[in-house]
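This report covers how the chains meet, what space is left between atoms, and a handful of single residues. Keep the sequence and the structure at hand while reading.

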6 protein chains.
Amino acid sequence: MRPSQRTLGQVRPVTITRNFTAHAEGSVLVEFGGTKVLCTATVEKGVPRFLKGKGQGWVTAEYGMLPRSTHKRMQREAARGQQTGRTMEIQRLIARSLRACIDLESLGEHTIIIDCDVIQADGGTRTAAITGACVALADAVEFLIRKGKLTVSPIKFMIAAVSVGIYKGEAVCDLDYAEDSDAETDMNVVMTETGKFIEIQGTAEGVPFSHEEMLDMLALAKEGIEMIIIEQKKALGDSLIKA
Amino acid sequence: MRPSQRTLGQVRPVTITRNFTAHAEGSVLVEFGGTKVLCTATVEKGVPRFLKGKGQGWVTAEYGMLPRSTHKRMQREAARGQQTGRTMEIQRLIARSLRACIDLESLGEHTIIIDCDVIQADGGTRTAAITGACVALADAVEFLIRKGKLTVSPIKFMIAAVSVGIYKGEAVCDLDYAEDSDAETDMNVVMTETGKFIEIQGTAEGVPFSHEEMLDMLALAKEGIEMIIIEQKKALGDSLIKA
Amino acid sequence: MRPSQRTLGQVRPVTITRNFTAHAEGSVLVEFGGTKVLCTATVEKGVPRFLKGKGQGWVTAEYGMLPRSTHKRMQREAARGQQTGRTMEIQRLIARSLRACIDLESLGEHTIIIDCDVIQADGGTRTAAITGACVALADAVEFLIRKGKLTVSPIKFMIAAVSVGIYKGEAVCDLDYAEDSDAETDMNVVMTETGKFIEIQGTAEGVPFSHEEMLDMLALAKEGIEMIIIEQKKALGDSLIKA
Amino acid sequence: MRPSQRTLGQVRPVTITRNFTAHAEGSVLVEFGGTKVLCTATVEKGVPRFLKGKGQGWVTAEYGMLPRSTHKRMQREAARGQQTGRTMEIQRLIARSLRACIDLESLGEHTIIIDCDVIQADGGTRTAAITGACVALADAVEFLIRKGKLTVSPIKFMIAAVSVGIYKGEAVCDLDYAEDSDAETDMNVVMTETGKFIEIQGTAEGVPFSHEEMLDMLALAKEGIEMIIIEQKKALGDSLIKA
Amino acid sequence: MRPSQRTLGQVRPVTITRNFTAHAEGSVLVEFGGTKVLCTATVEKGVPRFLKGKGQGWVTAEYGMLPRSTHKRMQREAARGQQTGRTMEIQRLIARSLRACIDLESLGEHTIIIDCDVIQADGGTRTAAITGACVALADAVEFLIRKGKLTVSPIKFMIAAVSVGIYKGEAVCDLDYAEDSDAETDMNVVMTETGKFIEIQGTAEGVPFSHEEMLDMLALAKEGIEMIIIEQKKALGDSLIKA
Amino acid sequence: MRPSQRTLGQVRPVTITRNFTAHAEGSVLVEFGGTKVLCTATVEKGVPRFLKGKGQGWVTAEYGMLPRSTHKRMQREAARGQQTGRTMEIQRLIARSLRACIDLESLGEHTIIIDCDVIQADGGTRTAAITGACVALADAVEFLIRKGKLTVSPIKFMIAAVSVGIYKGEAVCDLDYAEDSDAETDMNVVMTETGKFIEIQGTAEGVPFSHEEMLDMLALAKEGIEMIIIEQKKALGDSLIKA
């Protein structure tokens, strides 16, 4: 029995609010139950130095948690003078995933920076962030098309993510904090709307996991992500841009 | 004529939402028009090393802006590895102001950390932050009383803040971004509910200001802050704790 | 009664020594009683990146304290790897004040860097620094004129600064360390030779201050600064350049 | 056809040299073809602050590359003043994997630090590092037993790791640099000697990968790791300590 | 012919001013011609962690240059966030030299921190710093004796330092900036009042130097240091404490 | 009697292995007994900014110790976020020494970076590093000649280094860790194959040293370095490039 009374494969209510703040080219508040992440997309002209003159664009991401988004206050990374290893790992994951869903050549010499800031945390912040970031990215692309900078969308497919794990011996989908801190295995899965994998990161927290457990988790992830992508598309509505 | 069509002394609509996020002992979203700041209060047992054994408490504050809270994206301070001088100046101002409204001896050996994070910026983020922070502080104190850690509130008086300035030759109250970036003088004023000053920080941005202009600005600040304190008290309602 | 036996409005002896060191374009030792600050002005060709091609100049400032300029040794900021918030706040104040007294367009594409290093501290180091820095700036401008880089001085007016405060219930001018560490309110005031304000930064250290107290402090500040500007002009003598 | 002429599942020659340097409690040079990583284990008394008094031990890991271990020189992280996100990600992976194979309670209040330094890189440095680190860990445990600090080994099972990927449309095992920089998918797999998973990290570098491709990769990983664990056991010989 | 018209072995006028600033336990301005260094000594109770409980004291040193002590402004190390390698090298040299002239056991559990800050630079700042630092150290020791913390002086002998070099093919003593920037070899020598060596650091800047040249330089250093120690003793007068 | 049973002037067995790793333009493992340092040379086109357009090349060096190259583990400088003063001092010494043996004008606009990483430490790591670095530099120059970038070698002479010291009252050559940690004086000497000095750095660790002791140490250094240069030349064989 899950602490939240959900069934094994049940994802928490997913809410995606576009235009949550005023200034960014894309601004999406994504909620997976009590987990709330603000994802903004910034469009900048030009590309980082290492891509100068290659005629392609770039997508990058940064991640942060508000110090009191968590049960216990975390030290502010800006005051500490350094991002933690966990933060770096997560923002690298978000950026890699987003770059996998966009054709950087078609993007032209634009850089899109996705900022994912956790307002409230209840497990699964990185997968919620990827899910919201993809919508913010779509809005940024729409902005470029509206401004006449692009004529077709370079987005190849939507992506979304969910966490799965082994909790009390059973595969479960979309772990909240209560489950996450107690799970034997934790796995983050990023998939495309076409059912293929972008990233799988599975970690045995206590007990090694078997091939069968992995298959069970992946099956739940697939179902969960399908549901989440429906929410993304609902949120985007007519704005949904096909490549 | 002000860009926002407001009268010279008119403060933007002020909204104060308590319990905006789930985990903090105080969590207040304060809005001054388009400026939105999340102020959370964290209660920790004990005090910093330099106060050990003095039988008093401590209040401190940190300030940050989400990278895309502004028109143009700002570099994330955590990635940059350092807080800017502006950030340090602001968080020092917030903390000093809050310490002026609380009796640190009565607080006992507790530390209250106020995090002010700007979600959306449209001028006056530091004065909005002080205004919201004081409400979050009141909630943190209520938490301590509810938990039996304090019997009376150590808060001496409510404080609130507003910016005033000289814009196109006239004193105006609560400058938004359009005014702020064009003002001749910018002054931040922190006052108590009893009409006394906690902080005055006035800066001639272009043209030096006269004694008379200063008096005009202070008169508008006083009126504005009185109105803002009414909103604080409305938000706190029965929770309002008197010293 | 003030610890130093001065009258309420009495400024400590102010000494301004030009050409204190050999290499800088301006080098001024300013003394307010036991407070001694070395202010050097460096002229560099060109401007920071954000001003490139705008046809204007720039003035900036840095502030530091020698580790043992104070009663108790302070950690060397270079060894600590970071300037403190107090240092940043002060150097931002100095730079803003100096930029207010110079016409940056007339300065042309030159950068003037003012370094203010406290050799010995006895209260009021930031206001002494501004006072000395303005003289060093005048010397740097004279250097540019002598070298034929400028034909007229871009300095609009001299500025000087003094601290005032409420000490044992009375407004006093130019607080020394003994008063400063015990004052109820501390206010730094920067004014022009024409009697207008550049900056006011007033802080209630313990008890909020009233409108009347503020007026008392400002009156003392005005008188004090008038006296200090006389000393600046004496020091500059024939070198005094009018805009 | 693989650039190295290996068959799809063929692992490069794996060499494990114990006691490679003189001072560490465990010192292992691990080679996967041209990839050479020095893994040292340091035993320290006591545990980090967050574990004080919990009666358990700790295992942690650090990873670095010599600046010219790679084709093109990389900036020295010590000179740069910061570890890269990639380095942090890798050392977190190594440490998590090692903690999964040891019973921290039985280790008692000892900390074992594993340093993995890449002497020469040719793809797969992180999986080689995990493979060598587990042998160094076994040596450190043997040291503790020899010194009478432990009576039984807290190691639960040996672990080893290999990279797999999709290269030119086919699943391959143990990618070298030539393959790695050209692979569509890259997956690092850490498994126990009992055939269970500790970590799976798969990334679509260009094209998303399918469920079938993932199964193919995992099958190769399993075979490869079995072979590698045989080499670990050969290297440990009689020293091999069973839990 | 030397640019300064000095004879080959002639040291610049050496001036040692004690009690140059008010707060430090020792405060010495040392001048070697145009090189001016302020050396302050701070006495603190206790010792660094690595010496706790060993019943001995510690002497350490820090070195800095005011940004415009030099011909061209140097970046402020506090703003840069890091001391340069040159600074670290110099402060390590000063500290080592001072520790060589004091009996750390007799000093008891006190730490003496020597801060050497260059006010004006004209070559030889590190050797001037050592020379002044030794006098400041003597003053700090006298302070401890006066306060009854020590009964006898732990100083074993005075030390002083001078730079020598090969300039235009000839050995010269006490190089100023004009010579220093043009010398073939530069050597810093620290000696005791008893004519023995504490440190020799010689560097061929352009052309390797011969055994004979080294002997010539050392002979000049010995003479120069003897003269400098006379100045130290004159400055200390009756305060001179013998071990 | 030396702990290693060596005679007073006896250098430990010196082994120089070229091409120790695969990717660098020069890669040399140098061993002085138990001290093992990997020295790689990287050739890069272009020069640092401060040399742009001067038509000359540059040689620089970096030094590091693997955390467990020593008896007790040292903190990893990359994790600590800063190189120690000792590291900076050593890499400055290595770089200065190498620049003294090469004609930077003849090198043309190339930068050669020497990385010296200590794999195992047993005293004398900096002198071993200089010795190995010179061979790696020769290999890098040979690479440039082979590639047709240079026609003649810019190397003016080989250099090598050794440590000497006063141990139990006697001058000894090439101190190992046991001697080094117990020596009264420690001196590092860098010489050319023509018997001239590049650097001398002598430090009295406990007792000041006399002129005679210095001459004794230098005599041993000269002999030792002659022997070491023979090993360098043996290692280089036909590759040895004469200027």
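Buried area is the accessible area (1.4 Å probe) that two parts lose on being put together, summed over both. This is a predicted model in which local features need pLDDT of at least 70 and side-chain atom pairs count only at pLDDT 80 or more, while totals for chains, interfaces and linings use all residues. Residues are numbered from 1 along each chain as its sequence is written, chains are lettered from A and ligands numbered from 1 in the order in which they are written, and side-chain values use heavy atoms, with hydrogens and water left out.

Contact means heavy atoms within 4.5 Å.

| Pair | Residues in contact | Buried area | Share from carbon and sulfur |
|---|---|---|---|
| Chain A and chain B | 35 of chain A, 35 of chain B | about 2700 Å² | 51% |
| Chain A and chain D | 29 of chain A, 29 of chain D | about 2600 Å² | 58% |

Which residues of chain A lose the most area to chain B? They are A:H23, A:R68 and A:R76, together 29% of what that side buries. Against chain D, the leading three are A:E89, A:F197 and A:P208. They supply 21% of the area that chain A buries there, more than any other three residues.

Some pairs do not meet. Chain B and chain E do not touch, and their nearest C-alpha atoms are 10 Å apart. Chain C and chain F do not touch either, with nearest C-alpha atoms 10 Å apart.

**Symmetry**

Two copies of a chain are related by a rotation about an axis and a shift along it. Copies are superposed here by least squares on the C-alpha atoms of residues with pLDDT of at least 70 in both.

Chain A is superposed on chain B by a rotation of 180° with 0.0 Å of shift along its axis, at an RMSD of 0.0 Å. Again the same surface serves both copies: 100% of the contact residues of chain A recur in chain B.

**Enclosed space**

Rolling a probe the size of a water molecule over the atoms shows where empty space is left. On a 1 Å grid over the protein atoms alone, a cavity is a set of points where a 1.4 Å probe fits but cannot get out, and lining residues have an atom within 4 Å of a point. Grid points are joined across faces, edges and corners, and a volume is the space filled by probe spheres set on the points.

There are six cavities of 30 Å³ or more. The largest cavity has a volume of about 390 Å³. Its lining holds 25 residues, and those nearest the centre are C:R76, C:A78, E:R76, E:A78 and E:D117. Elements giving two or more residues to this lining include strand 4 (58-65) of chain C and helix 2 (85-100) of chain E. Helices (H or I, at least four residues) and strands (E, at least two) are DSSP runs, numbered from the N terminus. Strand 4 of chain E gives the largest share of the lining, three residues. The lining divides into eleven nonpolar, seven polar and seven charged residues. Ala, Val, Leu, Ile, Met, Phe, Trp, Tyr, Cys and Pro count as nonpolar, Asp, Glu, Lys and Arg as charged, and the others, Gly among them, as polar.

**Single residues**

Buried means under 20% relative accessible area, exposed over 50%, and partly exposed in between (1.4 Å probe, protein chains only).

Is B:D174 buried or exposed? B:D174 is buried, because its relative accessible area is 0%. B:D174 sits in the loop between strand 7 (170-173) and helix 5 (177-180) of chain B. Leaving out residues up to four places away in sequence, B:D174 touches B:R2, B:R6, B:Q10, B:V11, B:R12, B:F32, B:V162, B:S163 and B:E179.

B:R126 belongs to helix 4 (residues 125-146) of chain B. B:R126 has 16% relative accessibility, so it counts as buried. Beyond neighbours within four places in sequence, its contacts include B:R86, B:E89 and B:Q201.

A:Q5 lies in the segment before strand 1 (14-18) of chain A. Phi of A:Q5 is near 65°, a positive value in a residue other than glycine. A:Q5 counts as exposed, at 58% relative accessibility. C:N19 also has a positive phi, near 55°. C:N19 is in the loop between strand 1 (14-18) and strand 2 (26-32) of chain C, and is exposed at 61%.

Technical notes:
On a 1 Å grid over the protein atoms alone, a cavity is a set of points where a 1.4 Å probe fits but cannot get out, and a pocket is an open set with protein on both sides within 12 Å along at least five of seven lines; lining residues have an atom within 4 Å of a point.
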